[in-house]
Amino acid sequence: MVKDPLRTKLCDLLGIDYPVIAFTHCKDVAVAVINGGGFAVLGEAMHTPDDIAADIAWIRERVEGRKFGIDLVLPASVPPSGSVDDLEAQIPETQRAFARQIKEKYDVPDPKGSVDLHTWGGLNQELARAQLDVLLDERVPVIASGLGSPVFILDAAHERDMLVFGLVGKARQAKRQLEAGVDAIIAQGYDAAGHTGDVGTFSIVPEVAAMAGDTPVVAAGGVTTGRHLAAALCLGASGVWSGTQWLVSRESDVDMIIKERLLAATVEDTSYSKSISGMTMRVLKCPWTEEWAQPEAPDILPAPYQMLLSADYIQGANDNRREDLMTEAAGQGVGLVTSMKPARQILFDMVEEALDTFEGVVGDLA
Ligand SMILES: Cc1cc2nc3c(=O)[nH]c(=O)nc-3n(C[C@H](O)[C@H](O)[C@H](O)COP(=O)(O)O)c2cc1C
């Protein structure tokens, strides 16, 4: 009897049919993937505690008791407190002047309202803590931390029967989190969208898998097909975690301009840059990322200051739907994302292609 290669310990841990985790900011995508038999983690780092509580209730009403996750950012390096205005006042004139120069050169319009960053958990530790307290009060089944180690919440979460997933870009971070007792570890490679380290997915996944023992390792970074899913399992992962491919799903609330750019993008259209947030991040190339990559650009500021500086450009571009200026986090697998499908179909196609891939290698699995 051949074992079902897609029935992994991640499936057992989460009670899911397929070892596929969607990272998404869109509740409709999350619900579609969860109800299709996969798992979803909703990014809530930009939301107020009240909005997070409302989103949790919204999801709970639609998933019939199935588990789901919420992702926050918990970077230890940001100030303990401070408003957007306090932090903005600390941005040096050199970097301000360069940002103004970009704004003039590309005729970047002003944002239509105030910048969204007032509620970003990455702004200061006080905001992140308030968001975290909602997840603990609500006993969200899975807490994931995209930036920063979640080790300090392990006891509080486990006392409430909640699972904690850590996302890492280096094996040494994985080692610390595994020793502390995280319930699963996401090994995210350089290919990934958003904040990411410099180790490739093909290198970090087996290295983390080798040290993880019984703890499930989830591969992230560039995963956009069933072949990636099959490969990740062969590398020692128990599943995959992906972001880019869900942005173009039918349910996704991402602006159609961005969806079309993602569908048309090739692997060469992403930029690995600190210019958006002060931390290395993979996004669709745009004038902001390219200007900060020029030799005459000043030093990029650390987080959260660079994020405050880029917010005017990002929001000005988005609010005014300026296609030539807009950007979005996107991974190197974007070149393989070529059609807009319902989220559930993306999941099923991945599963089918992964099984076909295994059969292509070892013969009939039935
Ligand atoms: C638009 C977008 C925003 C993201 N924001 C976050 C975030 O707030 N927290 C986080 O843990 N990961 C974030 N990520 C990264 C994903 O969790 C995931 O690791 C990544 O998308 C995997 O690479 P892939 O896009 O190639 O699948 C984001 C990804 C995308 C596409």
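Helix axes are taken here as lines fitted to C-alpha atoms over the stretch in contact, with angles running from 0 to 180 degrees between N-to-C directions, and helices (H or I, at least four residues) and strands (E, at least two) are DSSP runs numbered from the N terminus. The structure is a predicted model, in which local features need pLDDT of at least 70 and side-chain atom pairs count only at pLDDT 80 or more, whereas totals for chains, interfaces and linings use all residues. Residues are numbered from 1 along each chain as its sequence is written.

The chain contains 15 helices and 11 strands, and its C-alpha trace spans about 65 × 45 × 40 Å along the principal axes. The radius of gyration, taken over C-alpha atoms, is compared with a globule rule of 2.2 Å times the number of residues to the power 0.38; for 366 residues a compact globule would have a value near 21 Å, with which the 20 Å of the chain agrees. Buried residues (20 or more other C-beta atoms within 10 Å of their own, against 12 or fewer for exposed residues and partly exposed in between, with C-beta atoms placed from the backbone) make up 50% of the 366 residues.

Beyond its neighbours within four places in sequence, A40 is in contact (C-beta atoms, placed from the backbone, within 7 Å) with residues including A30, V33, I34 and F68.

Helix α2 (residues 27-35) packs against helix α3 (residues 49-60) at an angle of about 35°, with the axes 10 Å apart. The contact is formed by K27, A30 and V31 of α2 together with D55, W58 and I59 of α3.

Several backbone features fall in loops. The peptide bond from A303 to P304 is cis, with omega near 0°, and P304 is found in the loop between α13 (287-292) and α14. R139, in the loop between α6 (125-138) and β4 (142-147), has a phi near 50°, a positive value in a residue other than glycine; R139 counts as exposed because it has 11 C-beta neighbours inside 10 Å. R321 likewise has a positive phi of about 50° without being a glycine and lies in the loop between α14 and α15 (343-362), where R321 is partly exposed, with 13 other C-beta atoms within 10 Å.

Methods
Two residues are in contact if their C-beta atoms, placed from the backbone, lie within 7 Å.
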